[in-house]
Each structure stands twice: as C-alpha cells, then as structure tokens.
Amino acid sequence: VAIERLYADSKAAKAADARIAAEFSGRKKANQEMFARLKALSEKLDADGPHLAEPERLRRRREVLDLDKEVQRKEAAFHDDLVQRKSEEQAVFAAKAHTLIGQVAQQEKIDIVLFRDVLWARPDNDITDKIIKQLDL
C-alpha cells in the first residue's frame with residue numbers, strides 16, 4: 001500500500017484538508033490583516049520618525065514592538081493549533097485506512113501488507129487503489 005497515495009488521491013483526505021482550511025481561514029485572514037497593520041505602522045514610523053518629537057517617536061516605536069509581539073504570538077498559536085488539528089484528522093484517517101487495509105487483505109487472502117521500503121512489487125499486488133475506493137465510499 002502506498003500510504004502517500006492514500007493521502008494524496010483519496011477524496012476523504014482532500015475533504016479533511018478542505019475542512020481544516022475552512023476551519024482556520026478566519027484566523028489566517030485575521031493574522032494577515034494584523035501583519036499588514038504592523039507593516040503599515042512600521043513604515044509610517046520609518047517615514048515620520050525623523051520629524052517626530054522624542055516622546056511621540058518612543059510611543060510609536062513601543063506600539064510597533066507591542067504589535068509585533070502580538071503578531072508573533074498569534075502566528076505561533078495559529079501554527080500550533082493547525083499542526084494539532086491536522087494530526088487529529090490524520091489519525092482518524094489512518095485508523096480508517098488501517099481497518100480497510102486489514103479488510104481488503106483478508107478478502108484478497110493477502111498474507112502481508114507493506115507500507116514502506118518496497119523496492120519492487122508486481123502491480124497486481126498493490127491494493128492502494130482498492131483502499132482509496134473504500135475510503136471514498
């Protein structure tokens with residue numbers, strides 16, 4: 001079984017990716033907007049900096065630094081949550097795939113199923129397409 005093909009070709013895996021993308025799209029957009037705001041504030045500070053009084057320049061610099069920290073914190077949290085959510089979806093998908101692999105192997109009277117490190121195998125021994133069809137039912 002070519003596991004990478006199960007993830008790449010299966011409608012179930014693609015649907016899981018789409019669910020995750022939809023679930024995280026709002027946060028991704030909010031992070032992008034915050035980054036754009038940070039960039040605009042930073043550019044404005046660079047442009048206005050030489051003409052500002054010292055207290056105002058320090059206040060704006062602090063504002064830019066605070067927003068930068070917030071952007072970094074939110075981006076890190078977003079990334080961590082996204083990785084965790086993908087792992088959860090992959091675990092559910094893998095459990096379903098493993099069950100189906102076992103069922104197909106029993107039906108086909110296959111003694112062993114290999115996932116990795118197969119240098120060569122006859123194409124009729126590959127049950128990947130059968131597993132993909134079962135996953136997509």
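Is arginine 85 buried or exposed, and what is its relative accessible area? In this predicted model, arginine 85 is buried, because its relative accessible area of 18% falls under the 20% cut-off. Since arginine 85 belongs to helix α3 and glutamate 23 to helix α2, the pair ties together parts separated by 62 residues in sequence.

Across the whole structure, 17 salt bridges were found. Among them is the pair formed by glutamate 54 and arginine 57, with a closest N to O separation of 2.2 Å. Both residues lie in helix α3, three residues apart, or about one turn of the helix. Glutamate 54 is partly exposed, with a relative accessible area of 40%. Arginine 60 and glutamate 56 also meet through their side chains in a salt bridge, at 3.1 Å from N to O. This pair likewise lies within α3, at a spacing of four residues, about one turn of the helix. An α-helix has 3.6 residues a turn, so residues three or four places apart point the same way. Glutamate 56 counts as partly exposed, at 25% relative accessibility. Through shared partners, salt bridges join Glu56 and Arg60 with Lys44, Asp48, Arg59 and Glu63 into one network.

The largest nonpolar core comprises 12 residues: Val1, Leu6, Ala13, Phe93, Ala97, Leu100, Ile101, Val104, Ile127, Ile131, Ile132 and Leu135. Two or more residues of this core come from each of α3 and α4 (128-135), and α3 contributes the most, with five. A second, separate core of six residues includes Leu38, Val64, Leu67 and Val71.

In α4, the buried residues are Thr128, Ile131, Ile132 and Leu135. Viewed down the helix axis, these residues fall within an arc of 100°, so they line one face of α4. They pack against α1 (3-9), α2 (11-48) and α3. Isoleucine 132 touches Arg5, Leu6, Asp9 and Ser10, when residues up to four places away in sequence are not counted.

Alanine 105 is located in helix α3 (residues 54-107) and counts as buried, at 7% relative accessibility. With residues up to four places away in sequence left out, alanine 105 touches Ile110 and Val113. The C-alpha atom of alanine 105 is separated by 8.2 Å from that of isoleucine 127, which lies 22 residues away along the chain.

Terms used: Residues are numbered from 1 along each chain as its sequence is written. This is a predicted model: local features need pLDDT of at least 70, side-chain atom pairs count only at pLDDT 80 or more; totals for chains, interfaces and linings use all residues. Side-chain values use heavy atoms; hydrogens and water are left out. Buried means under 20% relative accessible area, exposed over 50%, partly exposed in between (1.4 Å probe, protein chains only). Contact means heavy atoms within 4.5 Å. A nonpolar core is a set of buried Ala, Val, Leu, Ile, Met, Phe, Trp, Tyr and Cys residues joined through side-chain atoms within 4.5 Å. The arc is that of the directions from the helix axis to the C-beta atoms. A salt bridge is a side-chain nitrogen of Lys or Arg within 4 Å of a carboxyl oxygen of Asp or Glu.
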